[in-house]
Amino acid sequence: SGWNRIINNVARRVAIFGGTHGNEMSGVTLVNLWIQNGKEIHRKGVETKPFITNPRAVEKCTRYVDTDLNRAFTTENLSAPSGDDLPYEVQRAQQINEIFGPKGSPEAYDVIFDLHNTTSNMGCTLILESSKDHFNLQMMHYIKKAIAPDSCPVLLTEHPLLKYSTSRSVAKHPIGLEVGPQPQGVLRSNIFESMRVVLKHALDFIELFNEGLEFPPCTVDVFRVSEKMDYPRDTNGNIIAMVHPNLQDCDWEPLNPGDPMFQTFDGTTLRYEGAGTVYPTFINEAAYYEKQQAFVTTRRETLAAGAIKKT
Amino acid sequence: MEPVSLPALSRVAICGGTHGNEMSGVYLVRELQRQKLEKAGSATLTTVISNPRAVQVCKRYTDMDLNRCFTDAILSSPVTVATPYEVRRAQELNTLLGPKGKLGAVDLVCDLHNTTANMGLSLISYSVQDWVIMHIYRQVQRKITSAPVRFILLDLPLADVYSQDSLGKHGFSIEVGPQPHGVVRADIFNLMKEAVDQTLDWVQCFNSGSAFEGGEVDDVYTFVKSVYYPRDPETNQITAAIHPQVQDRDFCLLHPGDPMFLMFSGEIVKYEGEEVLHPFFVNECAYYEKSIAFHLARKMTVTIPPLQVKRD
């Protein structure tokens, strides 16, 4: 019934990561602001630590220096012997794991928010890594209600192949905030303020939880990641088509079999040939051309969250 | 105005990838090369990826901005081991398409660019008295209805013009936005392709003797000055974002007293100039390193003469 209460410890240590990708400007700007003056993120009874995860990439205003930091938190990387010969981001992952982890241990931070931007039209998306994280589910439910009628889609990245090892994953409760559309290297006021508001509600939730408020069982509609779709390419690996105008900017909208998907440079339409309706997202994200991804398909699901209350 | 006759345009160059992360031009030039398009009527067509190294790493440039390297001074500077890649490349392009200012130069250079600013389709050049360019603008503006079409003048003497389009006897840039750098959007690509198609169509008509009537062209904007981001005097960090009333509103009016920036602290910074002007290149990613938030322009109308190709 869900009223078997899931007992959680107080959320005492919270971190806010910006600059995991050095050219995603909302998070870089917010975190730098809060490092200088943390009043806005202060909440009773909880330590909220703003932190720039990839300072060298931020300085160069580039996604990464050697390798993508947000893919670097693998067990292999974290347990490798440390050394200057390791790629910069792997060294950084080890340092972050020491400060905010160790990943998987009782000493790890309770909550980490990781602030990202995307060139895709994803609005304010929350990224959930585990369907069984009742604390996170309750937080996302709270945030969605707080910002209604504006929407806050939830992307569930729990998938045997497609899940990746994020910087936030060192925490017990990792939350990704992905706000777009915004070009890399650009700061848009509306995107910046949206991210700020979502974070405000998230921290309010944590404060209420720590004060002992009980959150009853609820359900959360999510989009579970399904399949990565690459651009059509020629034998040399060059892309030969673009995201179709009908699909461009249509993140979270249904894509049905037969719908236009790509348009070749000379104007031919290529159509989606999957078995059923899917909900694409990360449509035309700049950083994913090199990861062979034009968009990712998702399927809708409703997750149940049990009641939670601080012990 | 008196009718003008000008020599035929027998050699035309289309350049993409002058900035390596402005993707419409990169893919359009590659597509023209794939289609082996070598002629536009009687004119020969040359297609060039201007900055291949920057294209390979999908960055604006490797050492310095290629599109600032075409002044007479830089083109004639001696090359040493310390010379930046883009300066060498500019000199190579000057040999290929120029020499700038000389009889051997190609007749028309069309340089393809994208911007993160909401500028629709803009044609940019350094003179409003090049009648070839002005008539091309008029045709593009008449024929393209899917986006606003405007002309931007950066008024400089030819020797000081730093952009690649100055290599040809006639030259202009096609600037299409908004598009994030590193991304190719189908709608933006298609708009740029339309502009290139109309340009080549005009060239063919001109070369085959069509008479183009004179008249007025409007939506011509002259650069006046740049507006810089507010910064904290101690940390030098930017302290505001471009205000939502200016963001995405390129070419709209900015009046004295209108909001320009929204500080992170919530205060508004207002425009304190005396003249009503038009912002453009609003929130262009590449201009952050120069701390430029946007440029301001004056709007004008230009009278153009009737034009026909010069018969031998």
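Predicted model: local features only at pLDDT ≥ 70, side-chain atom pairs only at ≥ 80, totals over all residues.

Modeller: Happy to. Between chain A and chain B the count is three salt bridges, and ten residue pairs are in polar contact, both residues at pLDDT 80 or more. On the side of chain A that touches chain B, the elements giving two or more residues are α1 (25-36), α6 (189-210) and β9 (241-243). Sorted by class, that side of chain A has twelve nonpolar, twelve polar and five charged residues. The contact as a whole takes 29 residues from chain A and 30 residues from chain B. About 2,400 Å² is buried between the two chains, and carbon and sulfur atoms give 57% of that area.

Now let's move to the loop between α1 and β3 of chain A, which is where R43(A) sits. R43(A) is buried, at a relative accessible area of 8%. Polar atoms of the R43(A) side chain lie 3.1 Å from the backbone oxygen of E40(A) and 3.2 Å from the backbone oxygen of K200(A). Setting aside neighbours within four places in sequence, R43(A) is in contact with K200(A), L203(A), D204(A) and E207(A).

K44(A) has a salt bridge to E211(A), side chain to side chain, at 3.5 Å from N to O. This pair links distant parts of the chain, 167 residues apart: K44(A) is in the loop between α1 and β3, and E211(A) is in the loop between α6 and β8. K44(A) counts as exposed, because its relative accessibility is 56% and the cut-off for exposed is over 50%.

Another salt bridge in chain A joins E129(A) and R168(A), whose closest N and O atoms are 3.2 Å apart. Here too distant parts are linked, 39 residues apart: E129(A) belongs to the loop between β5 (123-128) and α5 (134-147), R168(A) to the loop between β6 (154-156) and β7 (173-180). E129(A) is buried at 7% relative accessible area, and R168(A) counts as buried at 1%.

In chain B, the side chains of R68(B) and D65(B) form a salt bridge of 3.9 Å, N to O. R68(B) is partly exposed at 23% relative accessibility, whereas D65(B) is buried at 8%. Back in chain A, salt bridges with shared partners join E24(A), R63(A), D68(A) and K291(A) into one network. Over all chains, the structure holds 29 salt bridges.

That leaves the aromatic rings, with 28 aromatic pairs over all chains. F51(A) and F100(A) pair edge-to-face, 4.9 Å centre to centre with 70° between the planes. Since F51(A) lies in strand β3 (residues 47-52) and F100(A) in helix α4 (residues 88-100), the pair ties together parts that are 49 residues apart in sequence. Both F51(A) and F100(A) are buried. For F205(A) and F215(A), the ring centres are 4.6 Å apart and the planes at 45°, so this pair is tilted. F205(A) lies in helix α6 and F215(A) in the loop between α6 and β8, so parts ten residues apart in sequence are tied together. F205(A) and F215(A) are buried as well.

Key
Residues numbered from 1 in each chain as written. Chains lettered and ligands numbered in written order. Heavy atoms only, no water. Contact = heavy atoms within 4.5 Å. Buried area = accessible area lost by both parts, 1.4 Å probe. Salt bridge = Lys/Arg side-chain N within 4 Å of Asp/Glu carboxyl O. Polar contact = N/O pair within 3.5 Å; in protein donor to acceptor, adjacent residues only side chain to side chain. Helix = DSSP H or I, 4+ residues; strand = E, 2+ residues; numbered from the N terminus. Nonpolar A, V, L, I, M, F, W, Y, C, P; charged D, E, K, R; others polar. Phe/Tyr/Trp six-rings, centres within 6.5 Å; stacked < 30°, edge-to-face > 60°. Buried < 20%, exposed > 50% of the residue type's maximum accessible area, 1.4 Å probe, protein only.
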